[in-house]
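Please examine the sequence and structure shown below.

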Amino acid sequence: MLYGPTIGIYNGRHYQIRFNAFKHPCGYVRIEDEDIDILRNLAEYDWDTVNEYIAMHGGCTFVGQLSDEKGMWIGFDTKHCFDNKATRTIEFVKNECMYIIDQLKEK
């Protein structure tokens, strides 16, 4: 299994898939200048605000800067009690990142 980050661009937006300490994939999407003010001005750990505007697998579990990337990122993990092998794949997380990006583009 691959444990390094998977970096991609979908619909002009940056996303990443990284693995947590338990080796479960987590998805991250960068907030861009064209996003609504409430999302551009998020404070770190402001998951509730993200959840009001953007739906994602298990809800938002990350708001902040990725250690080696510029910008503010929002994200989710796949270490919930309802997660399983089907939700812990790169393809599932990638599709969820694209779903988040589609929602951001609609706002």
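**A charge over a ring**

The charged end of Lys79 sits over the ring of Phe22, 4.4 Å from the ring centre; this term requires NZ of Lys or CZ of Arg within 6 Å of the ring centre and within 35 degrees of the ring normal. The model is predicted, so local features need pLDDT of at least 70 and side-chain atom pairs count only at pLDDT 80 or more, while totals for chains, interfaces and linings use all residues. Residues are numbered from 1 along each chain as its sequence is written, and side-chain values use heavy atoms, without hydrogens and water.

**Aromatic pairs**

Searching the whole structure gives two aromatic pairs (ring centres of Phe, Tyr or Trp, the last by its six-membered ring, within 6.5 Å; planes under 30 degrees apart are stacked, over 60 edge-to-face, the rest tilted). Tyr28 and Phe62 form an edge-to-face pair, because their ring centres are 5.1 Å apart and their planes stand at 85°. Tyr28 is buried at 12% relative accessibility, whereas Phe62 is partly exposed at 22% (buried is under 20% relative accessible area, exposed over 50%, partly exposed in between, with a 1.4 Å probe and protein chains only).

The rings of Tyr45 and Trp47 are also edge-to-face, with centres 5.9 Å apart and planes at 80°. Tyr45 is exposed at 57%, and Trp47 is partly exposed at 34%.

**Nonpolar core**

The largest nonpolar core has 19 residues, of which Val29, Val50, Met56, Ile74 and Ile100 touch the most other members. Such a core joins buried Ala, Val, Leu, Ile, Met, Phe, Trp, Tyr and Cys residues through side-chain atoms within 4.5 Å.
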